[in-house]
Amino acid sequence: MKKTLSVIALSIIGFGLVSCKKENKEIQNAETTTVTDSTATAAPVIADSTAHPAAGEAAAPVSNEPSTSVALSESNFDFGKVKKGDKVEHVYEITNTGKNPLVISEVKPGCGCTAPDFTKEPIMPGKKGKITLHFDSSNFDGNVQKYADVFANVEKAPIKLTFTANIQP
C-alpha cells in the first residue's frame, strides 16, 4: 500500500515538472549561471531556481554587473479576441536609457502556456532589445491575464510584463 502511494506521489510530481515548460528554462539558465560564475556549482543553483523565495537569487549573476536604467515601449499588451487553440506572440521593446550595458539574465513566465525569447547579448546604452512572449491559448476560455518577470541589471528587478486575451471558442 505504501509503495503504491509513493509511486502515485512521484508520478504526480514528475508530471508537474514535465508539464510546465518554464522548468526547462530555469534549468537551462542555471547551467548558464554555472558557466558565467566559476565559483558557483550546478546543484545549489538548480535547487535554488525552483524555490519561490529564491526568485531574487535568480538575478544574482547580474548583481555583479553595474546597474542601468531602461524604458519599455509598453509593459502590458491586449491581444483582444483570440480563437481557442491559436498561438500568438507579442514583442516588447526595451531601451537601455542608462550609462552601462543592459544584461537580461532571464525571463520567467508565470506558467507553461507562455514561452519567452529575448535579446541575449548586452544591450548598449541608447540601444534597443526585444522580449517576445509566445502564448498558447489551447487550455483557456474567456478572459485571461498572464505575465513574465524580466531579470536584468536594473534597480527594480524583476520587471513585470503582462498581457491579456479574450479566448473565444
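**Strand pairing, core and disulfide of the predicted model**

Strand β1 pairs with strand β3 (residues 87-96) in the antiparallel sense, over three bridges. Two strands are taken to pair if DSSP finds at least two bridges between them. Helices (H or I, at least four residues) and strands (E, at least two) are DSSP runs, numbered from the N terminus. Within this pair of strands, Ala-71 has Thr-95 of β3 as its bridge partner. The structure is a predicted model, in which local features need pLDDT of at least 70 and side-chain atom pairs count only at pLDDT 80 or more, whereas totals for chains, interfaces and linings use all residues. Residues are numbered from 1 along each chain as its sequence is written, and side-chain values use heavy atoms, with hydrogens and water left out.

The secondary structure of the protein consists of four helices and eight strands. From the N terminus on, the order of elements is α-α-α-α-β-β-β-β-β-β-β-β. Of the 169 residues in the protein, 34% are buried; buried means under 20% relative accessible area, exposed over 50%, and partly exposed in between (1.4 Å probe, protein chains only). The protein exposes about 10,100 Å², and carbon and sulfur atoms supply 57% of this area. Accessible areas come from the Shrake-Rupley method with a 1.4 Å probe, and for residues only the protein chains shown count as cover. Among the contacts in the protein with a separation of 6 or more, 66% are between residues 24 or more positions apart, a contact being heavy atoms within 4.5 Å.

The pair β1 and β3 belongs to an open sheet of four strands in the order β1-β3-β6-β5, with antiparallel pairing. Its edge strands are β1 (70-72) and β5 (114-118), each of which pairs on one side only. On average, neighbouring strands of this sheet are turned by 25° against each other, direction ignored. For such angles, axes are lines fitted to C-alpha atoms (for helices over the stretch in contact), and values run from 0 to 180 degrees between N-to-C directions. Strand β6 (residues 128-136) contains Thr-132, a buried residue with a relative accessible area of 11%. Leaving aside its neighbours within four places in sequence, Thr-132 is in contact with Glu-89, His-90, Val-91, Ala-115, Pro-116 and Asp-117.

A further open sheet of four strands has the order β2-β8-β7-β4, with mixed pairing. Because β2 and β4 stand at its edges, each with a single partner strand, one side of each is left without a neighbour in the sheet. Neighbouring strands are here turned by 20° against each other on average, direction ignored. Strands β2 and β8 pair in the parallel sense over six bridges, with Gln-168 in β8 as the bridge partner of Lys-83. Strands β7 and β8 run antiparallel and are joined by nine bridges; Val-144 stands opposite Ala-165 in β8. A hairpin through six residues joins β7 to β8. Strands β4 and β7 also run antiparallel, joined by five bridges, and the bridge partner of Lys-108 in β7 is Asp-149.

The largest nonpolar core has 25 residues, and those with the most contacts inside it are Ile-104, Val-107, Ile-131, Leu-133 and Phe-135. A nonpolar core is a set of buried Ala, Val, Leu, Ile, Met, Phe, Trp, Tyr and Cys residues joined through side-chain atoms within 4.5 Å. At least two residues of this core are supplied by each of β2 (76-83), β3, β4 (104-109), β6, β7 (142-152) and β8 (159-168). The largest share, five residues, comes from β8. With neighbours within four places in sequence left aside, the contacts of Leu-133 include Val-88, Tyr-92, Val-107, Thr-114, Ala-148, Leu-161 and Phe-163.

Strand β4 also contains Pro-109, which counts as buried at 4% relative accessibility. Pro-109 and Leu-161 are 52 residues apart in sequence and 9.1 Å apart in space, C-alpha to C-alpha.

A search of the whole structure finds one disulfide, defined as a pair of cysteine sulfur atoms within 2.5 Å. Cys-111 and Cys-113 form this bond, with their sulfur atoms 2.4 Å apart. Cys-113 is buried, its relative accessible area being 13%.
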